[in-house]
Amino acid sequence: MSLLNLNQIPVSELPKTSLVARFIAVGAIVLGIAGLFLYIGGWLTPKRLTPAAIIDTFEKVNGAHPGFRRNHAKGVCVSGYFESNGRGIALSKAVIFRPGRVPVIGRFALAGGQPYVTDAPRTVRSMAILIQLPYSEEWRTGMNNIPVFPVRSAQAFRDQLIASALDPATGEPDPAKLKSFLAQYPETAKAMELINHRPISSGFENSTYNSLNAFRFINADGVVTPGRWSMIPVQPFTPIDIADPGKADKNYLFDALISAVHAHPLQWRLVISIGRPGDPTNDATIPWPPDREQVDIGTLTIDRIDSEDTSPARDINFDPLILPDGIAGSDDPLLSARSAAYSQSFTRREGEAKQPSAVSAAETEK
Amino acid sequence: MSTPKPRTQFAIQSRILHWLMAVMLLAMLFIGVGMVASLGHYSLLVAIHRPLGIAILILALIRLVNRLCTNLPPFPPTMSRQERFLASSSEKLLYALMLILPLVGWGMLSAGHYPIVMSGPVHLPPILPANPMLYALLRQAHTVLAFLLFATFLAHLSAVLFHTLIIRDRLLDRMAIWPTRQRKKVKGDGV
């Protein structure tokens, strides 16, 4: 071995057994550290539920749609501003609660991993926004038009994806799989009751969007208050016609939103529900009682709409834990899981060639 | 100016920087692979990963300046010319990675349109424009370079353990921040 100056090495002074023990010690230390590294990285436990496994499940259930978000794949981008009324200052020291106007960029979408799916009345609608605050702070939030989230853990979320996957033979989910999934997760059965009986508005523009997860608001004195928030439309509620949605336009919900923004700016009030001791902050399947104090902290105005093909919002990860100082995540395990899975989806799609959005620039300019 | 006596150890600040950064880098590598594979601890680990990375970048810059300004103790006679070359090359690689990995991480977040949060309201400015393909490229590079750093660390550790436990040439004493036989002997000589 030319690597070492063998004549200088007193290896022979060691008894043979001691030498063997020392070789084993060196190997054990090095392999031990390498093994721990591989274990922590998940390579030794292929069945562990990781962010990659969640996104793999989306890809398996929905097929490959390179360049698109793995969930909430069909969407349109918007921008506008948020005007704070100052009423949130007692609740949080975050800059957003000081009176004033800040720019907003966002995206409306339909839940699910199909970027070219036909709009349907019952499909969950989402609003995701990035509120740009001074000193590079941001508040990103993704909200849905359902009263509670159907699951309370990442494992349940993945199991639900698999159980509700469409059977290629029937085009419907397998009822037996759904039944056994709901039996395993009784909290989901209860949440689905609330979700299925929610009032559904005629479009994106008059839907209420809820944060679903709980967060913590921290004020200047360090007082922590749990809260969940909602975007409540100023546009009046009119129910959707469940029986006759199609009108031969695959994008009828998006097209109605485009017409509405072009007609006049759309507005939502950002209202925070204040949790009381005992209200669950770690379980998004359970609603808080309706009598909880509501703090209206300001108004969101959306005055512009663009296709994903031309808007920078396409390349924004609406990670729910990108929060300004003064707002923080709660003990809800879904928050970290969402953050991790969104990051995985974002990393995959950013590296893929982009396909045209179902809602084209020609459509948003109409 | 008289010629200084050849060192038997690295300068004290070099040794402190070495061990401090060893702990930080190893923690960083484990946090890095752990967070990517974790759903429940992801947000906590990311919140540590970002400021720790910037702390490593700052210390690596200080260490680079220190490395260029201080004398090194000679290699022990047990090291051949080839092994000395390997040791010097891996040292250069480690320095390069300590500096490049945090910069790639910072650039990656910039290209990904992420705010670069250190702690509370303290943010760093972006160092690159938002760009999807650039983000994807840097994100991949961050992983590849981290694996290279871990592999280089394992090679370094294996070599030091081999010298210390099998050749027993007291190579590790050069980097020790604990009392060593050599230092005791020097003290005994009345220095």
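1. In this predicted model, the contact between H2(B) and H3(B) is made by B:Gly53, B:Ile54, B:Ile56, B:Leu57, B:Ala60 and B:Leu64 on the H2(B) side, which meet B:Tyr95, B:Met98, B:Leu99, B:Pro102, B:Leu103 and B:Gly105 on the H3(B) side. By class, the residues of this contact comprise 10 nonpolar and 2 polar, with no charged residue among them.

2. As to the geometry of the pair, the axes of H2(B) and H3(B) lie 9 Å apart and pack at an angle of about 145°, and the crossing of H2(B) and H3(B) is left-handed.

3. The buried residues of H2(B) are B:Tyr42, B:Ser43, B:Leu45, B:Val46, B:Gly53, B:Ile56, B:Ala60 and B:Arg63. Of these, B:Gly53, B:Ile56 and B:Ala60 also take part in the contact with H3(B). The cover over the buried residues of H2(B) includes elements of both chains: helix H2 (51-62), strand S10 (327-329) and H7 from chain A, and helix H1 (12-36) and H3 from chain B.

4. Turning to the contact of the two chains, chain A contributes 44 residues and chain B contributes 39 residues. On the side of chain A that touches chain B, helix H1 (16-40) and helix H7 (333-350) each supply at least two residues, and H1(A) gives the most, with 10 residues. That side of chain A is made up, by class, of 26 nonpolar, 12 polar and 6 charged residues.

5. The largest nonpolar core holds 106 residues, and those with the most contacts inside it are A:Val76, A:Ile131 and A:Leu257. Helix H3 of chain B (residues 81-111) provides the largest share of this core, 8 residues. When neighbours within four places in sequence are left aside, A:Leu257 is in contact with A:Val76, A:Phe108, A:Gly203, A:Phe204, A:Glu205 and A:Ile305.

6. For chain A as a whole, the secondary structure amounts to 8 helices and 10 strands, and the C-alpha trace spans about 90 × 60 × 45 Å along its principal axes. Of the 366 residues of chain A, 43% count as buried, while 76% of the contacts in chain A between residues at least 6 apart in sequence join residues at least 24 apart.

Definitions and conventions:
Residues numbered from 1 in each chain as written. Chains lettered and ligands numbered in written order. Predicted model: local features only at pLDDT ≥ 70, side-chain atom pairs only at ≥ 80, totals over all residues. Contact = placed C-beta atoms within 7 Å. Helix = DSSP H or I, 4+ residues; strand = E, 2+ residues; numbered from the N terminus. Nonpolar A, V, L, I, M, F, W, Y, C, P; charged D, E, K, R; others polar. Core = buried A, V, L, I, M, F, W, Y, C linked by C-beta atoms within 7 Å. Buried ≥ 20, exposed ≤ 12 C-beta atoms within 10 Å, placed from the backbone. Axes fitted to C-alpha atoms, helices over the stretch in contact; angles between N-to-C directions. Left-handed = near helix turned anticlockwise from the far one by under 90°.
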